[in-house]
Amino acid sequence: MSQKGSVNLGLIGQAFMGRAHSNAWNQVNRHCNPPVKANLHTVCARNEETLGAFAELWGWQNTSTDWQATMANPEIELVDIGVPNDKHLIMAKAAIAAGKMVCCEKPLAGKFDEAREMVRLAKEANATTFVWYNYRRCPAIAYARMLVDQGVLGDVRHVRAFYLQDWADESVPLIWRFDGEIAGSGSHGDLCAHAIDMVRFVAGEEVTEVSGALFETFIKERAIMTAASDGGIAGGSKGDDAQMGKVTVDDAVLFLARFEGGGVGHFEATRMATGNQNKLGFEINGTKGSLAFDFEQLNELRYYDATCSRGTQGWRTIITTHAPDHPYIEHWWPDSHMIGYEHAFTNMAYDILRVCAGQEPVVPLPDFEDAFKTQCVLEAATVCANEQRAVKMSELL
Ligand SMILES: NC(=O)c1ccc[n+]([C@@H]2O[C@H](COP(=O)([O-])OP(=O)(O)OC[C@H]3O[C@@H](n4cnc5c(N)ncnc54)[C@H](O)[C@@H]3O)[C@@H](O)[C@H]2O)c1
């Protein structure tokens, strides 16, 4: 570490995730008392006009519009990649070659072969890597994982997992999320990836087979973009209705899955489920009990204890804001002074800094190899839909 007790960060990207990560790297120092501090060394993005103000707002000490120079900067120890999916491989490759630790946004890559290559490069270099599957660090989800480790589910029988949004009507222009060359896929890699990671993480089981996959693109053409989003998903983006371009990704995806413990499940993701604005969740039913989560009520975990007498059985809602029972809460506010979206990023920044200091994370962190298992499920569903057949994970690993 270049400065005693701190890690020098280089962040690539200054829009949605650029803001979320900048906030996390700031807040982790203030709230979490990490064993090494985050030192916000350099932020790199393409828009020079806005970069200075962004750096000043979020406390980045240096700016750059040249990501290769950022990777090569010997002062930077941890590179944080918050750019669209087609750049993950090329940037991670340069960072690993320069001997840096890397944390990369999800999905690991837009394309399966690129994700595989990222795992190979990281393994070969014995690099320390992380992937921003940030929802693992909502206290309710981390706590669900802890309960499963204690055996509350028994054998997992059924899984229903979903990530439903509704922002993608005809008024949204052809932003990068609709371009298969950049994004790789649509709701599948963008949203379903989180649902898959969450279920793998909570249930502690891998998917072994995917079947019945269905992809749909409802809006096949969109206006060519004249202004990119201003830091949200599509918010602020503008298009020219006189010029239309082809959408090359899915708007919605559904598929069935088998799990290694013998359970079965289904996954669903869409950007077109009106009324569901950010509904990421699951219900997992086991022989001893069930757990359920919905991000639109992110402080709550629902638990059904099937070992109670029949007369007293019933779903209970646990408000997961009680320290020390509920993970990460000790860093935040008194009981039930609710936390939000950004806290999971800060909790993840905390665990990354723990690993940088040689400590264990509070709950397992996904590295490239772990995130590749989620990528395999994404790929299996894609192959399944294209070839209309069940796909075993062993075909891909
Ligand atoms: N973990 C999550 O919950 C979550 C949420 C949203 C997005 N993401 C992921 O984060 C990544 C970025 O998504 P976003 O929503 O922040 O996108 P965005 O469009 O809001 O921002 C992309 C940023 O990348 C920068 N960029 C693009 N190419 C660049 C280059 N060659 N050099 C330097 N900067 C470059 C842009 O200037 C912009 O600042 C994607 O992989 C996406 O899947 C994750």
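User: Since domain bounds come from an automatic or database domain assignment, how far apart do the C-alpha centres of domain 1 and domain 2 lie?
Analyst: This is a predicted model, in which local features need pLDDT of at least 70, side-chain atom pairs count only at pLDDT 80 or more, and totals for chains, interfaces and linings use all residues. Residues are numbered from 1 along each chain as its sequence is written. The assignment for the protein chain gives domain 1 as 6-131 and domain 2 as 137-339 + 364-387. Between the C-alpha centres of these two domains the separation is 24 Å.

User: Which element supplies the largest share of the side of domain 1 that touches domain 2?
Analyst: Two residues are in contact if their C-beta atoms, placed from the backbone, lie within 7 Å, and the contact between the domains takes 23 residues from domain 1 and 23 residues from domain 2. Helices (H or I, at least four residues) and strands (E, at least two) are DSSP runs, numbered from the N terminus. On the domain 1 side, α1 (16-31), α5 (112-125) and β6 (129-131) each supply at least two residues. The largest share, six residues, comes from α5.

User: At what angle do α1 and helix α9 pack?
Analyst: Axes are lines fitted to C-alpha atoms, for helices over the stretch in contact, and angles run from 0 to 180 degrees between N-to-C directions. The contact includes Trp-25 and Val-28 of α1 together with Phe-345 and Leu-353 of α9. The axes of α1 and α9 (residues 341-356) lie 8 Å apart, and the helices pack at an angle of about 65 degrees.

Methods: Domains from an automatic or database assignment.
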